[in-house]
Amino acid sequence: MKAAPFAYVRPATLDDAVAELVRSAGEGKVLAGGQSLVPILAMRLARPSTVVDIAALSELDFVRRDGDELVIGALVRQRTLEGHPLAAAVPLLRLALPWIGHRELRSRGTVCGSIAHADPAAELPAVACCLGASLEIAGPHGRRTVTAAEFFHGAMATSVGAEDVLAAVRFPVARPGEGFGFAEIARRHGDFALAGVATRFRADDGEAAFTAFGVSDRPVTRDVTGLGDDEVADLARDLVDTAGDTHGSREYRQRLVAALAVRELARARRAAEGGTA
Amino acid sequence: MTLPRPVRAEAGEPVDVTMTVNGTEVSLSLPARVTLADALRDHLGLTGTHLGCEHGVCGMCTVLVDGSAARACLLFACQLDGADIVTVEGLGRPDDLHPLQEAFGSHHALQCGFCTPGFLLSSYDLLAHKPDVAEEDLPVELSGVLCRCTGYRNILSAVSEVAGAHRDGIPEPRNCGHHVLMGHTAAKPGAKSAPEPVGVEEIELPQGDPTFTVEVTQELTASPEKTWAVLDDIDLVAACLPGAEITEHLGDDRYRGQARVSVGPIRLSFAGLAQVTERDAEAHRLRVIGQGEDVGGGRTQAVILLVAEETGAGTRLRATAQVYLTGRIAQFGRALAGDVSRRMFEQFAAAVEETAVSGVRTTARKPPGALALLAATLAAKAREWGRRLRRAEHNPPTHPKGTQR
Ligand SMILES: Cc1cc2nc3c(=O)[nH]c(=O)nc-3n(C[C@H](O)[C@H](O)[C@H](O)COP(=O)(O)OP(=O)(O)OC[C@H]3O[C@@H](n4cnc5c(N)ncnc54)[C@H](O)[C@@H]3O)c2cc1C
Ligand code: FES
Ligand code: FES
C-alpha cells in the first residue's frame with residue numbers, strides 16, 4: 001500500500017503546470033486533493049512518472065461571482081465551498097456537498113478534482129450536469145470551455161486530456177423561483193451512491209429536469225417538463241445502464257432511482273413554489 | 001493557510017518540507033511518496049496516528065490539518081509545506097487530558113483503543129466547526145471513522161457529553177507547545193534541521209509523591225575535594241551521566257540538555273531543563289532539579305541530591321533521586337524504571353570516580369547500551385532473588401497465623 005516512486009513537481013503557475021504535463025508526455029498526473037489519486041497510487045493502480053501538484057497555483061485559489069455564474073478555481077476544497085457564503089447562490093451545491101464521503105475527505109478533496117475524476121457515482125459531476133455548468137480547461141493550446149453535457153465521456157473519462165488542467169468550473173446561480181432537490185442511497189453514509197438524483201424545477205415556466213448518477217457510466221440528465229410522476233419514474237428506470245453487483249441488483253437500482261427522481265422533483269417544486277431552495 | 005512553495009524533485013529524490021506538528025516546527029526531507037501518516041510515525045516517532053486501511057476508508061489515521069480533520073494516509077507529507085498538523089499527541093497530555101479524552105475514558109469509549117486517536121480528532125473537528133450539533137446527528141457526523149470493537153454507543157455518548165458541556169466551542173488542543181520530535185531527518189546541509197528550542201524556560205516543581213526514589217551509595221577512592229571538583233562542573237556531571245548532554249547554559253545555574261535512554265525495544269529521547277538549586281562547596285552537596293519531556297508527551301522530573309562525604313579511604317558518594325514520571329514512560333513499570341535509574345547512577349558514580357581520579361573528562365558519552373543495561377538490571381535482579389532464596393532457606397517463612405496455632 002505504498003505508491004511507487006514518482007517525480008514530484010509543484011509549479012507556481014498554471015502555464016508551468018501544463019508545461020510539466022507536456023514534458024511528461026502523457027505519463028504525468030495532476031494531484032489536487034489527492035482523495036482519489038492517492039489511493040490509486042497506493043494500490044499501484046497507477047504509476048505516473050510525474051505527479052504535478054497544483055497546490056501552489058495561487059491563480060486558481062478563488063471562489064467568485066461572475067454575473068450569473070459562480071466560478072470555482074481548481075484549488076478550492078469541497079469543505080471550503082460548503083461553508084462559503086457565495087455558495088448560497090447555488091443551492092444545489094449546498095444540498096449535494098455533504099453527501100461526498102466524509103468531512104475528513106472533503107477537507108482535502110477539491111470541487112474540480114471530483115469533476116475531473118468523473119466517478120460515475122460521484123455527486124459533483126451530477127450537479128454540474130443538472131445545472132448545465134461549464135468547465136474551463138487549460139491545455140498546451142490555450143484555454144477552452146466545455147459544457148458539462150459534453151465534458152463527461154464515460155467512467156473516469158472526460159474532456160481533460162493528459163496535458164490539460166481543469167482550471168475552474170462555472171455553475172449558473174439560481175434564479176428566483178427555482179428550486180432543487182438532491183438525494184442518494186448508499187450502503188452506508190459516506191459511500192458512493194448505489195443510485196442518486198439531482199433535480200431542479202422552475203416555478204414561472206414549470207421547467208423541470210433531473211440528473212441520475214450511479215446508474216450509468218456518467219451522469220444522465222432528462223428534461224421532464226410537464227411530465228407526471230409515473231412518466232418520470234419510467235424515464236428514470238430506463239436510465240439504469242449498470243448490471244447488478246454485490247451491492248444491489250439492476251432492478252433494485254431501477255426502483256431506487258425512480259423513487260428518488262419522483263421524490264426529489266417534488267422537493268424541488270415545493271422549494272421553487274415556496275420561494276426557498 | 002499559506003500556499004506551499006514551488007518544488008521539483010526527481011523520483012526518489014527527497015523533497016524538503018517544513019510543517020508545524022503539535023506546535024513545533026519540523027523540517028523533513030523525504031521522498032515524495034511518503035505519506036503524512038508514515039512521516040509522523042516513522043520519522044517523527046508520533047505513533048499515535050494509527051494506520052488501518054491506508055486508502056482512506058477506516059479513518060484510523062485522522063489528524064487535523066490546518067484545523068480540519070483529514071486522512072493522513074491520503075496525503076503525501078511533501079504536500080504539507082507550511083501546514084499546521086495536530087495529532088492525538090497534541091490533543092492533551094497524560095496529566096492534562098483534553099475534555100474529549102477524559103470523556104472517552106469515563107464513558108468507556110475505548111476498548112482496544114485502535115480507533116481512538118481517529119475518533120478523537122474527527123470529533124474534535126466536528127465540535128470545533130459545529131458546536132451546536134444535534135445528538136441525533138452524531139452517528140452520521142462521526143461515520144468517517146470505524147471502530148472494529150464496535151464501541152460506537154459509548155463513543156457517541158462521550159462526544160455527546162462533551163458537545164453538551166461546550167456549546168460555546170470546544171477547548172483548544174492542550175499539548176501543542178514545544179516538543180522534541182525524534183528521528184528528524186535533517187534536511188540538506190545548511191537547511192534547518194532540529195527545531196530551535198523555544199518556549200518554557202521555567203522548571204516546574206514536582207508535585208505529589210515521587211513515582212519512585214533511588215538511593216545509591218558508592219565508595220570512591222578519589223578525595224572529596226576531587227569528587228566535588230567534578231560535581232561542581234555541570235558539564236562534567238552531564239558527561240558522567242550515560243546518554244546525557246548539556247546543550248546550553250541559560251544562566252542562573254540553569255541548563256538545557258538532552259538525554260537518551262534505551263532499554264530493549266524502548267528508546268526514549270528527552271529534552272529538558274536542569275537547575276541547580278543548591279551548591280554547597282563546604283558540605284560538598286549539590287541539588288539539581290531536572291525536567292525532561294519525550295516525544296509522546298511523557299514527562300520525567302527528578303530532584304537529585306549528590307553528596308560527597310569524607311571517609312578515611314576517600315569519598316562516599318551518595319546520590320538520592322526522587323523521580324516523577326508521567327505518560328508512556330510511567331507504563332515502563334516502576335520497578336524496571338527504578339532498576340534502570342539505579343544502574344544509571346552506578347555508572348554515573350563510576351564515571352565520576354574516573355573523572356575525579358584522572359582529571360580528564362571521561363566515559364559514558366554514549367547512551368547506556370540497551371543490552372548492557374538490561375543485562376545489568378537482570379543480573380541485579382537475579383542476585384536479589386538469589387539473596388532472597390538464600391535468606392528463605394535460612395529462615396523458613398512462618399505461616400502468618402502459624403504462631404497462633
Ligand atoms: C473513502 C472515500 C470515500 C469517498 N466517497 C466519495 C463520495 O461519496 N462521493 C464523491 O464524489 N467522492 C468520494 N470520494 C472521492 C473524493 O471525494 C475526492 O475528493 C474526489 O473524487 C477527487 O478530488 P481530489 O481533489 O481529491 O482529486 P485528486 O484525488 O487529486 O485527483 C483525482 C483525479 O482527478 C485528476 N484531477 C484532479 N484535479 C484536476 C485538475 N484540476 N485538472 C486535471 N485533472 C485533475 C487527477 O489527476 C486524478 O486523476 C471518496 C474518496 C474516498 C477515499
Ligand atoms: S489508514 Fe487512513 S483511512 Fe484507513
Ligand atoms: S476501540 Fe478497538 S477499534 Fe475502536
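1. Aromatic pairs. Across all chains of this predicted model, a search of the whole structure identifies six aromatic pairs. Rings of Phe, Tyr and Trp (its six-membered ring) pair if their centres lie within 6.5 Å; planes under 30 degrees apart are stacked, those over 60 edge-to-face and the rest tilted. The rings of Trp99(A) and Phe182(A) form a tilted pair, because their centres are 6.3 Å apart and their planes stand at 45°. This pair links distant parts of the chain, 83 residues apart: Trp99(A) belongs to the loop between α4 (91-96) and α5 (103-106) of chain A, and Phe182(A) to strand β11 (residues 178-185) of chain A. Helices (H or I, at least four residues) and strands (E, at least two) are DSSP runs, numbered from the N terminus.

2. Trp99(A) is partly exposed at 28% relative accessibility, whereas Phe182(A), at 6%, is buried. Buried means under 20% relative accessible area, exposed over 50%, and partly exposed in between (1.4 Å probe, protein chains only). Ring pairs join Trp99(A), Phe182(A) and Phe213(A) in a cluster.

3. A further pair. Phe151(A) and Phe152(A) are both buried. Their ring centres lie 4.9 Å apart with planes at 85°, so the pair is edge-to-face.

4. Charges over rings. Arg64(A) lies over the face of Phe62(A), 4.1 Å from the ring centre. In chain B, the charged end of Arg148(B) sits over the ring of Phe114(B), at 4.6 Å from its centre. The criterion is NZ of Lys or CZ of Arg within 6 Å of the ring centre and within 35 degrees of the ring normal.

5. Chain B. Chain B has 11 helices and 13 strands, and buried residues make up 50% of its 405 residues. Gln101(B), in helix α3 (residues 99-106) of chain B, is buried, with a relative accessible area of 15%. Not counting residues up to four places away in sequence, Gln101(B) touches Val88(B), Leu91(B), Gly92(B) and Leu120(B); contact means heavy atoms within 4.5 Å.

6. Basis. Residues are numbered from 1 along each chain as its sequence is written, and chains are lettered from A in the order in which they are written. Local features need pLDDT of at least 70, and side-chain atom pairs count only at pLDDT 80 or more, while side-chain values use heavy atoms, with hydrogens and water left out.
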